[in-house]
Amino acid sequence: MLLSVDWDAFSGTRELVFDAPVWGTRDRAHDRTDAWWTRALKRGGTGWDALDDDYPLYPGWEATLQYAGVPAFVALSHADAWAWLRQFPGEDVVNVDSHHDLASFSGDPRRVRPGNWAGLGLEAGLIRTYTCVYPSWHATLPVAEGFDLTRTRAEVGSMLLPDVFTRATLHRQSSPHQGWPDAADVRSLLLVQSPSWTNPAHDPAFMKLAGGVGATPITEPLHRPAPCTAGHVRAYNQSTFTTAPHLAQETPT
């Protein structure tokens, strides 16, 4: 079994926060940095702490530390996940995430992206079965995918081949510590930062988690210090994360 953990399962949002990326966002340099600073400025802030009330770090992420000792990797985005899947092809995959990642509603459906890497992996035979585990806080957020699993499964089912659809399961945690596989059953762990969806104030916790499980970078996560000057994103697209040598990347086909 392979375990993927997207940081957006924990770096989340409250209900009725209408500039939250959970309502939909692209994944560009602007979305990863400038858009977050714009949100902080709207709240009268001079630092990321202005986002605390609307964009909390939910509990449960600490459970990932039980996988220390399992071969672990870290990536900026799930668009990079195929480099990991190709190292362990044909496994069952559990993905703790705020999104099902089975199909994208826009763009090229054949290009591997954060929103479809799992669906295309099932289709290509890189994944045997797939389980998306939504975090428990989705139960109180009607706009979230994990709020109504019947609704979400109906939406995504029409976009998938029948064989892919039957090998995919959607589940929501009943508590933050439920739904995690036994460490003895996990061959490899992937941590994904997803900065377009995750509060920069939580970057230090993510970096500490990645270091705690000894994760090797596939692609470097971002360190996004404040304050940010909107329009000067390039200085943010740098990482202070250091660990073992990089996993060799492969281009998905």
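Trp36 is buried, with a relative accessibility of 0%, where buried denotes under 20% relative accessible area, exposed over 50% and partly exposed the range in between (1.4 Å probe, protein chains only). The structure is a predicted model, in which local features require pLDDT of at least 70 and side-chain atom pairs pLDDT 80 or more, whereas totals for chains, interfaces and linings use all residues. Residues are numbered from 1 along each chain as its sequence is written, and side-chain values rest on heavy atoms, with hydrogens and water left out.

Ten aromatic pairs are found in a search of the whole structure. Rings of Phe, Tyr and Trp (its six-membered ring) are paired if their centres lie within 6.5 Å; planes under 30 degrees apart are classed as stacked, over 60 as edge-to-face and the rest as tilted. Trp7 and Trp61 form an edge-to-face pair, because their ring centres are 5.7 Å apart and their planes stand at 75°. The two residues are 54 residues apart and connect distant parts of the chain: Trp7 belongs to the loop between strand S1 (2-6) and helix H1 (29-32), and Trp61 to the loop between helix H2 (34-42) and strand S2 (72-75). Helices (H or I, at least four residues) and strands (E, at least two) are DSSP runs numbered from the N terminus. Both partners are buried, Trp7 at 1% relative accessibility and Trp61 at 15%.

The rings of Trp36 and Tyr55 also meet edge-to-face, since their centres are 5.1 Å apart and their planes are at 80°. This pair ties together parts 19 residues apart in sequence, because Trp36 lies in helix H2 and Tyr55 in the loop between H2 and S2. Tyr55 is buried, at a relative accessible area of 1%. Arg39 lies over the face of Trp36, 4.4 Å from the ring centre. A charge is taken to sit over a ring if NZ of Lys or CZ of Arg is within 6 Å of the ring centre and within 35 degrees of the ring normal. The charged end of Arg153 is placed over the ring of Phe165, at 4.1 Å from its centre. One aromatic cluster comprises Trp7, Phe10, Trp61, Tyr67, Trp180 and Phe206.

Strand S2 is covered on both faces, with Ala72 and Val74 buried on one side and Phe73 and Ala75 buried on the other. In a regular strand, side chains alternate between the two faces of the sheet. S2 runs parallel to S6, to which four bridges join it; strands are counted as paired if DSSP finds at least two bridges between them. Ala72 is opposite Leu189 in S6. S2 also pairs with strand S7 (residues 216-217) in the parallel sense, over two bridges, and Phe73 has Thr216 of S7 as its bridge partner.

Positive phi values occur at two residues other than glycine: Asp101, near 60°, and Ser194, near 50°. Asp101 is located in the loop between strand S3 (91-96) and helix H4 (117-124) and is buried at 6% relative accessibility. Ser194 occupies the loop between strand S6 (188-192) and helix H7 (203-212), and is buried at a relative accessible area of 5%.

On the surface, Leu16, Phe18, Trp23 and Val143 form a nonpolar patch with about 450 Å² of accessible area together. Phe18, in the loop between S1 and H1, is exposed, with a relative accessible area of 61%. Accessible areas come from the Shrake-Rupley method with a 1.4 Å probe, and for residues only the protein chains shown count as cover.

Methods: Patches are made of residues with over 30% relative accessible area and no salt bridge: like charges are joined within 9 Å, nonpolar side chains (Val, Leu, Ile, Met, Phe, Trp, Tyr) within 5 Å. A salt bridge is a side-chain nitrogen of Lys or Arg within 4 Å of a carboxyl oxygen of Asp or Glu.
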